[in-house]
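Here is a brisk report on the fold of one protein chain.

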Amino acid sequence: MAVAKILWVDDEIESLQSQKLFLEGKGYEVQTLTNGFDAIDYVKENPVDVVLIDETMPGITGLETLAKIKEVNGSLPVVLITKNETENLMDEAIGSQISDYLIKPVNPNQVWLSLKKIIDNRRLVAEKTTTAYQQQFRNLFMALNSNPDYNEWMDIYKKLVYWELEMQKSDSPEMQEVLQQQKSEANTEFFKFVSRNYASWINPKSGNGPVMSHNMFQFKVLPHVEKGTPLFFILIDNLRFDQWKAIQPIFAESFRILEEDTFYSLLPTATQYARNAIFAGMLPVEIEKKFPAEWKNDDEQGGKNLNEEQFFKTQLKRLGKETLRYSYTKVLNNQAGLDLVNNIHNLLNNDINVIVYNFVDMLSHARTEMEVLKELAGDEMSYRSITTSWFEHSPLHQALKKIADKNIKIVLATDHGSIRVKTPYKVVGDKQTTTNLRYKHGRNLAYEPKEVLAFRDPREAGLPVPTVNSSFIFAREDGYLCYPNNYNYYVNYYRNTFQHGGVSLEEMIVPVIKMQSK
(Lines give C-alpha, C1' and ligand atoms only; values in the text may rest on other atoms or scores of the structure.)
Protein backbone atom coordinates (compact mmCIF):
# COMPACT_ATOMS: atom_id res chain seq x y z
CA MET A 1 0.00 0.00 0.00
CA ALA A 2 1.23 3.55 -0.80
CA VAL A 3 2.57 5.58 2.13
CA ALA A 4 -0.02 8.07 3.42
CA LYS A 5 1.13 11.71 3.27
CA ILE A 6 0.29 13.89 6.26
CA LEU A 7 0.63 17.69 6.40
CA TRP A 8 0.87 19.06 9.97
CA VAL A 9 0.46 22.84 10.36
CA ASP A 10 1.28 24.42 13.75
CA ASP A 11 3.19 27.58 14.65
CA GLU A 12 4.88 25.67 17.52
CA ILE A 13 5.82 22.69 15.35
CA GLU A 14 9.32 22.34 16.99
CA SER A 15 7.65 21.18 20.20
CA LEU A 16 5.92 18.39 18.22
CA GLN A 17 9.05 16.72 16.83
CA SER A 18 8.61 13.61 19.00
CA GLN A 19 5.03 13.26 17.67
CA LYS A 20 6.28 13.58 14.10
CA LEU A 21 8.86 10.80 14.70
CA PHE A 22 6.18 8.62 16.29
CA LEU A 23 3.95 8.91 13.19
CA GLU A 24 6.88 8.29 10.85
CA GLY A 25 7.63 5.18 12.89
CA LYS A 26 4.03 4.06 12.13
CA GLY A 27 4.73 4.36 8.40
CA TYR A 28 3.33 7.82 7.58
CA GLU A 29 5.20 10.50 5.64
CA VAL A 30 4.87 13.77 7.64
CA GLN A 31 5.48 17.24 6.21
CA THR A 32 5.40 20.11 8.74
CA LEU A 33 4.68 23.83 8.21
CA THR A 34 4.29 26.73 10.64
CA ASN A 35 1.49 28.84 9.10
CA GLY A 36 -1.74 28.69 7.13
CA PHE A 37 -0.54 30.58 4.06
CA ASP A 38 2.25 28.07 3.38
CA ALA A 39 -0.21 25.21 4.00
CA ILE A 40 -2.62 26.50 1.33
CA ASP A 41 0.21 26.81 -1.20
CA TYR A 42 1.55 23.37 -0.27
CA VAL A 43 -1.84 21.67 -0.82
CA LYS A 44 -2.12 23.32 -4.25
CA GLU A 45 1.22 21.87 -5.35
CA ASN A 46 1.51 18.51 -3.58
CA PRO A 47 -0.53 15.35 -3.03
CA VAL A 48 -1.72 15.13 0.61
CA ASP A 49 -3.93 12.49 2.31
CA VAL A 50 -4.76 14.28 5.59
CA VAL A 51 -4.07 17.77 6.99
CA LEU A 52 -3.66 18.39 10.76
CA ILE A 53 -4.20 22.10 11.56
CA ASP A 54 -3.70 24.02 14.78
CA GLU A 55 -6.63 26.44 15.31
CA THR A 56 -4.74 29.36 16.94
CA MET A 57 -1.90 30.54 14.70
CA PRO A 58 -0.75 34.09 14.01
CA GLY A 59 -1.63 35.51 10.58
CA ILE A 60 -4.49 33.25 9.56
CA THR A 61 -6.44 30.96 11.90
CA GLY A 62 -6.91 27.24 11.51
CA LEU A 63 -10.58 27.67 10.51
CA GLU A 64 -9.67 30.25 7.85
CA THR A 65 -6.93 27.93 6.56
CA LEU A 66 -9.43 25.08 6.53
CA ALA A 67 -11.88 27.10 4.40
CA LYS A 68 -9.16 27.94 1.85
CA ILE A 69 -7.93 24.32 1.72
CA LYS A 70 -11.51 23.13 1.07
CA GLU A 71 -11.66 25.56 -1.89
CA VAL A 72 -8.55 23.91 -3.32
CA ASN A 73 -9.67 20.32 -2.58
CA GLY A 74 -13.15 19.83 -1.13
CA SER A 75 -12.68 16.15 -0.34
CA LEU A 76 -9.34 16.45 1.51
CA PRO A 77 -9.80 15.27 5.14
CA VAL A 78 -8.79 17.92 7.71
CA VAL A 79 -8.30 17.40 11.46
CA LEU A 80 -8.53 20.55 13.59
CA ILE A 81 -6.37 20.72 16.73
CA THR A 82 -7.55 23.27 19.26
CA LYS A 83 -6.85 24.47 22.80
CA ASN A 84 -10.40 25.56 23.51
CA GLU A 85 -13.56 23.50 23.47
CA THR A 86 -16.02 26.37 23.11
CA GLU A 87 -19.23 25.23 21.55
CA ASN A 88 -19.44 27.83 18.79
CA LEU A 89 -15.92 26.98 17.63
CA MET A 90 -16.89 23.29 17.47
CA ASP A 91 -20.10 24.12 15.58
CA GLU A 92 -18.20 26.24 13.11
CA ALA A 93 -15.53 23.58 12.65
CA ILE A 94 -18.08 20.82 12.08
CA GLY A 95 -20.04 23.11 9.74
CA SER A 96 -16.82 23.59 7.76
CA GLN A 97 -16.66 19.82 7.24
CA ILE A 98 -13.74 18.79 9.36
CA SER A 99 -13.11 15.06 9.53
CA ASP A 100 -12.13 15.10 13.21
CA TYR A 101 -10.94 17.46 15.93
CA LEU A 102 -8.46 16.95 18.76
CA ILE A 103 -8.01 18.95 22.00
CA LYS A 104 -4.50 20.08 23.05
CA PRO A 105 -2.27 18.77 24.49
CA VAL A 106 -2.52 15.92 22.01
CA ASN A 107 -1.25 12.48 22.75
CA PRO A 108 0.63 10.72 19.88
CA ASN A 109 -1.71 7.69 20.05
CA GLN A 110 -4.70 9.97 19.76
CA VAL A 111 -3.34 11.49 16.54
CA TRP A 112 -2.47 8.05 15.20
CA LEU A 113 -6.00 6.74 15.91
CA SER A 114 -7.56 9.72 14.17
CA LEU A 115 -5.39 9.17 11.07
CA LYS A 116 -6.10 5.45 11.10
CA LYS A 117 -9.83 6.11 11.28
CA ILE A 118 -9.68 8.51 8.32
CA ILE A 119 -7.18 6.74 6.05
CA ASP A 120 -7.92 3.11 6.82
CA ASN A 121 -11.66 3.49 7.18
CA ARG A 122 -12.45 2.55 3.59
CA ARG A 123 -10.11 -0.42 3.62
CA LEU A 124 -11.43 -1.65 6.99
CA VAL A 125 -15.05 -1.29 5.83
CA ALA A 126 -14.24 -3.17 2.61
CA GLU A 127 -12.53 -6.00 4.51
CA LYS A 128 -15.39 -6.24 7.02
CA THR A 129 -17.99 -6.32 4.20
CA THR A 130 -16.14 -9.11 2.41
CA THR A 131 -15.85 -11.20 5.58
CA ALA A 132 -19.51 -10.65 6.47
CA TYR A 133 -20.62 -11.70 2.96
CA GLN A 134 -18.44 -14.81 3.10
CA GLN A 135 -20.26 -15.79 6.29
CA GLN A 136 -23.67 -15.06 4.71
CA PHE A 137 -22.86 -16.82 1.43
CA ARG A 138 -23.57 -20.24 2.90
CA ASN A 139 -26.91 -19.13 4.39
CA LEU A 140 -28.01 -17.71 1.05
CA PHE A 141 -26.88 -20.87 -0.72
CA MET A 142 -28.90 -23.00 1.73
CA ALA A 143 -31.96 -20.75 1.32
CA LEU A 144 -31.78 -21.08 -2.48
CA ASN A 145 -31.66 -24.85 -2.27
CA SER A 146 -34.41 -25.36 0.27
CA ASN A 147 -37.29 -24.94 -2.20
CA PRO A 148 -38.29 -21.36 -1.15
CA ASP A 149 -41.90 -20.18 -1.45
CA TYR A 150 -42.85 -16.80 -2.91
CA ASN A 151 -42.33 -14.96 0.41
CA GLU A 152 -38.89 -16.54 0.90
CA TRP A 153 -37.97 -15.57 -2.67
CA MET A 154 -38.74 -11.92 -1.85
CA ASP A 155 -36.49 -12.26 1.16
CA ILE A 156 -33.66 -13.86 -0.83
CA TYR A 157 -33.83 -11.12 -3.45
CA LYS A 158 -33.73 -8.36 -0.82
CA LYS A 159 -30.64 -9.99 0.74
CA LEU A 160 -28.90 -10.22 -2.63
CA VAL A 161 -29.62 -6.52 -3.25
CA TYR A 162 -28.35 -5.69 0.25
CA TRP A 163 -25.04 -7.46 -0.46
CA GLU A 164 -24.74 -5.95 -3.91
CA LEU A 165 -24.99 -2.46 -2.38
CA GLU A 166 -22.60 -3.39 0.46
CA MET A 167 -20.09 -4.77 -2.06
CA GLN A 168 -19.87 -1.33 -3.68
CA LYS A 169 -17.87 -0.37 -0.58
CA SER A 170 -15.42 -3.20 -1.09
CA ASP A 171 -12.59 -3.14 -3.56
CA SER A 172 -12.68 -6.88 -4.00
CA PRO A 173 -13.52 -7.76 -7.63
CA GLU A 174 -13.27 -11.46 -6.68
CA MET A 175 -16.02 -11.16 -4.06
CA GLN A 176 -18.16 -9.08 -6.41
CA GLU A 177 -17.82 -11.84 -8.97
CA VAL A 178 -18.84 -14.49 -6.43
CA LEU A 179 -21.92 -12.40 -5.59
CA GLN A 180 -22.82 -11.97 -9.28
CA GLN A 181 -22.53 -15.72 -9.71
CA GLN A 182 -24.77 -16.28 -6.72
CA LYS A 183 -27.31 -13.84 -8.17
CA SER A 184 -27.23 -15.66 -11.47
CA GLU A 185 -27.78 -19.05 -9.73
CA ALA A 186 -30.68 -17.46 -7.84
CA ASN A 187 -32.22 -16.34 -11.15
CA THR A 188 -31.87 -19.85 -12.59
CA GLU A 189 -33.77 -21.30 -9.62
CA PHE A 190 -36.28 -18.44 -9.64
CA PHE A 191 -37.09 -19.11 -13.30
CA LYS A 192 -37.88 -22.77 -12.49
CA PHE A 193 -39.97 -21.66 -9.50
CA VAL A 194 -42.05 -19.19 -11.56
CA SER A 195 -42.45 -21.72 -14.40
CA ARG A 196 -43.91 -24.27 -11.95
CA ASN A 197 -46.21 -21.87 -10.08
CA TYR A 198 -47.22 -18.95 -12.27
CA ALA A 199 -50.39 -20.47 -13.77
CA SER A 200 -51.74 -21.38 -10.32
CA TRP A 201 -51.09 -17.84 -8.97
CA ILE A 202 -53.11 -16.41 -11.83
CA ASN A 203 -55.96 -18.87 -11.45
CA PRO A 204 -58.24 -17.28 -8.83
CA LYS A 205 -59.60 -20.69 -7.77
CA SER A 206 -56.27 -21.71 -6.27
CA GLY A 207 -56.47 -18.72 -3.90
CA ASN A 208 -52.81 -19.09 -3.08
CA GLY A 209 -50.46 -16.62 -4.67
CA PRO A 210 -48.43 -13.55 -3.83
CA VAL A 211 -49.78 -10.02 -4.10
CA MET A 212 -49.34 -9.22 -7.80
CA SER A 213 -49.91 -6.24 -10.09
CA HIS A 214 -53.66 -6.81 -10.45
CA ASN A 215 -54.41 -6.91 -6.69
CA MET A 216 -51.57 -4.73 -5.40
CA PHE A 217 -53.71 -1.59 -5.23
CA GLN A 218 -56.42 -3.35 -3.25
CA PHE A 219 -54.02 -4.87 -0.70
CA LYS A 220 -51.10 -2.43 -0.51
CA VAL A 221 -52.58 1.02 -1.17
CA LEU A 222 -56.28 1.23 -0.29
CA PRO A 223 -55.86 0.03 3.32
CA HIS A 224 -53.80 3.19 3.99
CA VAL A 225 -56.40 5.63 2.68
CA GLU A 226 -58.15 7.60 5.43
CA LYS A 227 -60.34 10.66 5.21
CA GLY A 228 -58.51 13.84 6.18
CA THR A 229 -54.99 12.55 5.43
CA PRO A 230 -54.17 12.81 1.71
CA LEU A 231 -52.41 9.73 0.35
CA PHE A 232 -50.06 10.07 -2.61
CA PHE A 233 -49.70 6.88 -4.63
CA ILE A 234 -46.55 7.44 -6.68
CA LEU A 235 -45.74 4.95 -9.38
CA ILE A 236 -42.24 5.40 -10.81
CA ASP A 237 -42.19 3.34 -13.96
CA ASN A 238 -39.57 0.58 -14.23
CA LEU A 239 -37.97 1.05 -10.77
CA ARG A 240 -36.05 -1.94 -9.45
CA PHE A 241 -35.66 -2.67 -5.76
CA ASP A 242 -31.95 -1.75 -5.83
CA GLN A 243 -32.81 1.59 -7.46
CA TRP A 244 -35.32 2.23 -4.67
CA LYS A 245 -32.54 1.51 -2.13
CA ALA A 246 -30.36 4.05 -3.95
CA ILE A 247 -32.96 6.85 -3.67
CA GLN A 248 -34.20 5.82 -0.20
CA PRO A 249 -31.82 8.16 1.71
CA ILE A 250 -33.22 11.15 -0.23
CA PHE A 251 -36.78 10.23 0.77
CA ALA A 252 -35.66 9.59 4.35
CA GLU A 253 -34.57 13.24 4.71
CA SER A 254 -38.20 14.39 4.47
CA PHE A 255 -40.32 11.33 5.23
CA ARG A 256 -40.47 8.53 7.77
CA ILE A 257 -40.22 5.18 5.98
CA LEU A 258 -42.66 2.82 7.67
CA GLU A 259 -42.46 -0.30 5.54
CA GLU A 260 -40.29 -1.52 2.68
CA ASP A 261 -42.31 -4.22 1.02
CA THR A 262 -42.25 -6.00 -2.34
CA PHE A 263 -44.83 -7.58 -4.63
CA TYR A 264 -44.74 -9.56 -7.88
CA SER A 265 -45.14 -7.92 -11.27
CA LEU A 266 -47.23 -10.05 -13.59
CA LEU A 267 -45.96 -11.30 -16.95
CA PRO A 268 -45.03 -9.80 -19.31
CA THR A 269 -43.14 -7.48 -16.96
CA ALA A 270 -43.88 -4.60 -19.31
CA THR A 271 -45.68 -1.31 -18.76
CA GLN A 272 -48.66 -2.02 -20.97
CA TYR A 273 -49.56 -5.20 -19.07
CA ALA A 274 -48.33 -4.64 -15.53
CA ARG A 275 -49.36 -1.01 -15.19
CA ASN A 276 -52.81 -1.41 -16.73
CA ALA A 277 -53.33 -4.35 -14.35
CA ILE A 278 -52.40 -2.18 -11.34
CA PHE A 279 -54.89 0.55 -12.26
CA ALA A 280 -57.70 -1.71 -13.44
CA GLY A 281 -57.22 -4.13 -10.55
CA MET A 282 -57.66 -6.93 -13.09
CA LEU A 283 -55.62 -9.35 -15.16
CA PRO A 284 -55.01 -8.25 -18.77
CA VAL A 285 -57.42 -10.94 -20.06
CA GLU A 286 -60.19 -9.42 -17.89
CA ILE A 287 -59.35 -5.86 -18.94
CA GLU A 288 -59.67 -6.84 -22.58
CA LYS A 289 -63.06 -8.44 -21.89
CA LYS A 290 -64.41 -5.45 -19.94
CA PHE A 291 -62.81 -2.72 -22.11
CA PRO A 292 -62.53 -4.22 -25.61
CA ALA A 293 -62.25 -0.77 -27.24
CA GLU A 294 -59.56 0.50 -24.81
CA TRP A 295 -57.32 -2.57 -24.62
CA LYS A 296 -54.63 -2.71 -27.31
CA ASN A 297 -52.42 -5.72 -28.02
CA ASP A 298 -48.74 -5.24 -28.85
CA ASP A 299 -49.27 -5.53 -32.59
CA GLU A 300 -52.12 -2.96 -32.69
CA GLN A 301 -51.65 0.72 -33.47
CA GLY A 302 -52.12 3.39 -30.80
CA GLY A 303 -51.00 4.11 -27.23
CA LYS A 304 -51.15 1.16 -24.86
CA ASN A 305 -51.41 3.12 -21.59
CA LEU A 306 -53.87 5.86 -22.44
CA ASN A 307 -56.79 4.62 -20.33
CA GLU A 308 -55.25 4.12 -16.89
CA GLU A 309 -57.38 6.81 -15.28
CA GLN A 310 -60.58 5.26 -16.62
CA PHE A 311 -59.45 1.82 -15.42
CA PHE A 312 -58.62 3.27 -12.02
CA LYS A 313 -62.04 4.92 -11.65
CA THR A 314 -63.72 1.58 -12.43
CA GLN A 315 -61.55 -0.22 -9.86
CA LEU A 316 -62.48 2.30 -7.12
CA LYS A 317 -66.16 1.78 -7.96
CA ARG A 318 -65.86 -2.02 -7.94
CA LEU A 319 -64.19 -1.91 -4.51
CA GLY A 320 -66.92 0.37 -3.14
CA LYS A 321 -64.63 3.41 -2.92
CA GLU A 322 -66.26 5.67 -5.50
CA THR A 323 -66.84 8.40 -2.89
CA LEU A 324 -63.08 8.94 -2.50
CA ARG A 325 -61.86 12.23 -3.96
CA TYR A 326 -58.96 11.44 -6.25
CA SER A 327 -56.62 13.01 -8.79
CA TYR A 328 -54.61 11.33 -11.53
CA THR A 329 -51.42 12.95 -12.87
CA LYS A 330 -49.12 11.46 -15.45
CA VAL A 331 -45.65 12.90 -15.94
CA LEU A 332 -44.07 11.97 -19.27
CA ASN A 333 -41.71 14.93 -19.67
CA ASN A 334 -40.00 17.67 -17.73
CA GLN A 335 -42.71 20.28 -18.39
CA ALA A 336 -45.36 17.99 -16.87
CA GLY A 337 -43.00 17.59 -13.89
CA LEU A 338 -42.77 21.38 -13.42
CA ASP A 339 -46.58 21.65 -13.66
CA LEU A 340 -46.79 19.08 -10.85
CA VAL A 341 -44.47 21.20 -8.66
CA ASN A 342 -46.76 24.22 -9.16
CA ASN A 343 -49.96 22.27 -8.59
CA ILE A 344 -48.99 19.94 -5.73
CA HIS A 345 -50.61 22.09 -2.99
CA ASN A 346 -53.99 21.84 -4.72
CA LEU A 347 -53.85 18.06 -4.44
CA LEU A 348 -53.94 18.19 -0.63
CA ASN A 349 -57.75 18.39 -0.74
CA ASN A 350 -58.04 14.87 -2.21
CA ASP A 351 -58.16 11.54 -0.39
CA ILE A 352 -55.88 9.89 -2.92
CA ASN A 353 -53.54 11.35 -5.54
CA VAL A 354 -52.10 9.08 -8.19
CA ILE A 355 -48.84 10.27 -9.77
CA VAL A 356 -47.35 8.17 -12.57
CA TYR A 357 -43.77 9.20 -13.27
CA ASN A 358 -42.11 7.88 -16.36
CA PHE A 359 -38.47 8.81 -15.90
CA VAL A 360 -36.76 5.47 -15.27
CA ASP A 361 -38.56 3.93 -18.22
CA MET A 362 -37.35 6.71 -20.52
CA LEU A 363 -33.85 6.09 -19.26
CA SER A 364 -33.88 2.33 -19.79
CA HIS A 365 -35.34 2.62 -23.30
CA ALA A 366 -33.01 5.45 -24.14
CA ARG A 367 -30.24 3.24 -22.83
CA THR A 368 -30.64 1.08 -25.94
CA GLU A 369 -31.18 3.98 -28.33
CA MET A 370 -28.39 6.29 -27.29
CA GLU A 371 -24.72 5.47 -27.25
CA VAL A 372 -24.19 8.13 -24.56
CA LEU A 373 -26.48 6.30 -22.17
CA LYS A 374 -24.80 3.01 -22.97
CA GLU A 375 -21.67 4.66 -21.66
CA LEU A 376 -23.44 6.18 -18.65
CA ALA A 377 -25.43 3.14 -17.55
CA GLY A 378 -23.07 0.34 -18.46
CA ASP A 379 -23.79 -1.71 -15.35
CA GLU A 380 -26.08 -1.91 -12.32
CA MET A 381 -23.95 0.39 -10.20
CA SER A 382 -23.96 3.24 -12.73
CA TYR A 383 -27.67 2.63 -13.48
CA ARG A 384 -28.41 3.15 -9.76
CA SER A 385 -26.21 6.20 -9.63
CA ILE A 386 -27.99 7.84 -12.61
CA THR A 387 -31.34 7.08 -10.94
CA THR A 388 -30.18 8.76 -7.72
CA SER A 389 -28.84 11.79 -9.52
CA TRP A 390 -32.05 12.10 -11.56
CA PHE A 391 -34.34 11.79 -8.52
CA GLU A 392 -32.35 14.28 -6.47
CA HIS A 393 -32.79 16.96 -9.14
CA SER A 394 -36.22 15.90 -10.39
CA PRO A 395 -39.44 17.92 -10.25
CA LEU A 396 -40.92 14.94 -8.36
CA HIS A 397 -38.45 15.47 -5.49
CA GLN A 398 -39.13 19.24 -5.51
CA ALA A 399 -42.89 18.67 -5.46
CA LEU A 400 -42.71 16.24 -2.53
CA LYS A 401 -40.42 18.56 -0.55
CA LYS A 402 -43.04 21.30 -0.91
CA ILE A 403 -45.61 19.19 0.98
CA ALA A 404 -43.26 17.31 3.33
CA ASP A 405 -44.36 19.48 6.26
CA LYS A 406 -48.05 18.59 5.72
CA ASN A 407 -49.73 15.56 7.26
CA ILE A 408 -49.59 13.16 4.30
CA LYS A 409 -48.94 9.51 3.49
CA ILE A 410 -47.06 8.17 0.52
CA VAL A 411 -47.12 4.75 -1.09
CA LEU A 412 -44.33 4.50 -3.66
CA ALA A 413 -44.37 1.59 -6.10
CA THR A 414 -43.53 0.59 -9.65
CA ASP A 415 -44.99 -1.60 -12.37
CA HIS A 416 -41.97 -3.80 -13.15
CA GLY A 417 -38.16 -3.80 -13.00
CA SER A 418 -35.53 -4.54 -15.65
CA ILE A 419 -32.51 -6.78 -16.14
CA ARG A 420 -29.23 -6.31 -17.97
CA VAL A 421 -29.33 -8.84 -20.80
CA LYS A 422 -26.29 -10.88 -21.79
CA THR A 423 -27.41 -14.19 -23.34
CA PRO A 424 -28.99 -14.14 -26.83
CA TYR A 425 -31.61 -16.77 -27.76
CA LYS A 426 -32.82 -17.41 -31.31
CA VAL A 427 -36.54 -17.14 -32.05
CA VAL A 428 -38.19 -17.58 -35.43
CA GLY A 429 -41.60 -16.01 -36.03
CA ASP A 430 -43.88 -14.74 -38.78
CA LYS A 431 -44.64 -11.11 -39.67
CA GLN A 432 -47.15 -10.81 -36.81
CA THR A 433 -44.56 -11.63 -34.13
CA THR A 434 -43.89 -8.77 -31.68
CA THR A 435 -40.51 -7.06 -31.43
CA ASN A 436 -39.97 -7.07 -27.63
CA LEU A 437 -36.64 -8.56 -26.56
CA ARG A 438 -37.81 -10.25 -23.33
CA TYR A 439 -41.18 -11.63 -24.45
CA LYS A 440 -42.92 -12.36 -27.74
CA HIS A 441 -46.29 -13.49 -28.91
CA GLY A 442 -47.19 -14.79 -32.30
CA ARG A 443 -48.73 -17.71 -34.14
CA ASN A 444 -45.85 -19.73 -35.46
CA LEU A 445 -43.08 -19.16 -32.94
CA ALA A 446 -40.13 -21.51 -33.13
CA TYR A 447 -37.80 -21.50 -30.14
CA GLU A 448 -35.74 -23.73 -27.88
CA PRO A 449 -38.25 -24.78 -25.13
CA LYS A 450 -35.70 -24.78 -22.30
CA GLU A 451 -34.71 -21.16 -23.05
CA VAL A 452 -38.15 -19.66 -22.35
CA LEU A 453 -41.34 -19.95 -20.31
CA ALA A 454 -44.06 -20.64 -22.90
CA PHE A 455 -47.84 -20.45 -22.69
CA ARG A 456 -49.51 -22.07 -25.70
CA ASP A 457 -52.78 -20.76 -24.33
CA PRO A 458 -52.21 -17.17 -23.15
CA ARG A 459 -55.34 -17.33 -20.93
CA GLU A 460 -53.49 -19.69 -18.57
CA ALA A 461 -51.22 -16.70 -17.85
CA GLY A 462 -54.16 -14.28 -17.54
CA LEU A 463 -53.41 -12.78 -20.95
CA PRO A 464 -55.64 -11.97 -23.94
CA VAL A 465 -55.29 -14.11 -27.07
CA PRO A 466 -54.15 -11.56 -29.69
CA THR A 467 -54.86 -13.80 -32.71
CA VAL A 468 -56.08 -17.38 -33.01
CA ASN A 469 -53.35 -19.86 -31.99
CA SER A 470 -51.10 -17.11 -30.58
CA SER A 471 -48.72 -18.24 -27.88
CA PHE A 472 -46.61 -16.16 -25.49
CA ILE A 473 -42.98 -16.82 -24.62
CA PHE A 474 -40.92 -15.14 -21.87
CA ALA A 475 -37.12 -14.96 -21.73
CA ARG A 476 -35.44 -16.46 -18.68
CA GLU A 477 -32.68 -14.99 -16.49
CA ASP A 478 -30.50 -12.60 -18.55
CA GLY A 479 -31.62 -13.84 -21.98
CA TYR A 480 -32.90 -11.78 -24.90
CA LEU A 481 -34.81 -12.99 -27.91
CA CYS A 482 -33.38 -12.25 -31.37
CA TYR A 483 -34.48 -13.19 -34.88
CA PRO A 484 -32.13 -15.12 -37.18
CA ASN A 485 -32.01 -12.31 -39.76
CA ASN A 486 -29.28 -9.78 -38.93
CA TYR A 487 -28.74 -11.93 -35.84
CA ASN A 488 -25.17 -10.86 -34.99
CA TYR A 489 -25.93 -7.18 -35.41
CA TYR A 490 -28.85 -7.27 -32.95
CA VAL A 491 -27.03 -9.55 -30.54
CA ASN A 492 -24.18 -7.05 -30.21
CA TYR A 493 -26.40 -3.98 -30.31
CA TYR A 494 -28.59 -5.07 -27.39
CA ARG A 495 -26.11 -7.02 -25.26
CA ASN A 496 -25.63 -5.36 -21.83
CA THR A 497 -28.69 -3.14 -22.19
CA PHE A 498 -31.47 -3.07 -19.57
CA GLN A 499 -34.64 -4.73 -20.81
CA HIS A 500 -37.91 -5.92 -19.30
CA GLY A 501 -40.81 -8.23 -20.10
CA GLY A 502 -39.36 -11.55 -18.98
CA VAL A 503 -38.81 -13.70 -15.90
CA SER A 504 -36.12 -12.59 -13.44
CA LEU A 505 -35.90 -11.49 -9.82
CA GLU A 506 -35.01 -7.96 -10.95
CA GLU A 507 -38.09 -7.60 -13.20
CA MET A 508 -40.68 -9.44 -11.10
CA ILE A 509 -39.95 -8.68 -7.42
CA VAL A 510 -40.52 -4.96 -7.14
CA PRO A 511 -40.82 -2.36 -4.37
CA VAL A 512 -43.96 -1.02 -2.70
CA ILE A 513 -42.94 1.42 0.05
CA LYS A 514 -45.06 3.03 2.75
CA MET A 515 -44.04 6.45 4.13
CA GLN A 516 -45.50 9.35 6.05
CA SER A 517 -44.44 12.91 6.77
CA LYS A 518 -42.19 13.26 9.81
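In this predicted model, W8 has L52 of β3 as its bridge partner. The two strands involved, β1 (residues 5-9) and β3 (residues 50-54), are parallel and share four bridges. Strands count as paired when DSSP finds at least two bridges between them. Helices (H or I, at least four residues) and strands (E, at least two) are DSSP runs, numbered from the N terminus.

Residues are numbered from 1 along each chain as its sequence is written, and side-chain values use heavy atoms, with hydrogens and water left out.

**The five-stranded sheet**

The strand order is β2-β1-β3-β4-β5, in an open sheet with parallel pairing. β2 (29-33) and β5 (100-103) are the edge strands, and each pairs on one side only. Neighbouring strands are turned by 20° against each other on average, direction ignored. Axes here are lines fitted to C-alpha atoms, for helices over the stretch in contact, and angles run from 0 to 180 degrees between N-to-C directions.

Helix α2 (residues 36-45) packs on this sheet and touches β1, β2 and β3. Its direction makes about 160° with that of β1. Helix α5 (residues 108-144) lies across β1, β3, β4 (78-82) and β5. It runs at about 180° to β5.

Q110 belongs to α5. Beyond its neighbours within four places in sequence, Q110 is in contact (heavy atoms within 4.5 Å) with L102 and P105. Q110 counts as partly exposed because its relative accessibility is 32%; buried means under 20% relative accessible area, exposed over 50%, partly exposed in between (1.4 Å probe, protein chains only).

β8 and β9 (residues 352-357) run parallel and are joined by six bridges. Y328 stands opposite V354 in β9.

β12 (residues 423-426) and β16 run parallel, joined by four bridges. P424 has Y480 of β16 as its bridge partner. In β16 (residues 479-482), G479 and L481 point one way, Y480 and C482 the other. All four are buried. In a regular strand the side chains alternate between the two faces of the sheet.

**Helices**

Helix α7 (residues 173-202) has 30 residues. It reaches 41 Å from its first C-alpha to its last, close to the 44 Å expected at 1.5 Å a residue, where the expected span is 1.5 Å times one less than the number of residues. A kink of about 40° is centred on R196. The bend at a residue is the angle between axes fitted to the seven residues ending there and the seven starting there.

α13 (residues 334-343) and α17 (residues 395-402) pack at about 5°, with axes 8 Å apart. They are therefore roughly parallel, a label for angles under 35 degrees. The residues that meet include L338 and V341 in α13, and L396 and A399 in α17.

**Backbone details**

Most residues other than glycine have a negative phi, and most peptide bonds are trans. The table lists exceptions.

| Site | Value | Location |
|---|---|---|
| K104 to P105, cis | omega near -10° | P105: loop between β5 and α5 |
| L267 to P268, cis | omega about -10° | P268: loop between β7 and α10 |
| N486, positive phi | phi about 55° | loop between β16 and α18 (487-494) |

N469 is exposed, at 61% relative accessible area. N486 is exposed too, at 54%.

**Whole chain**

The protein chain has 19 helices and 18 strands. Its C-alpha atoms fill a box of roughly 90 × 55 × 40 Å along the principal axes. Of the 518 residues, 53% are buried.

Terms used. This is a predicted model: local features need pLDDT of at least 70, side-chain atom pairs count only at pLDDT 80 or more; totals for chains, interfaces and linings use all residues. Angles under 35 degrees count as roughly parallel, over 145 as roughly antiparallel, 65 to 115 as roughly perpendicular and the rest as oblique.
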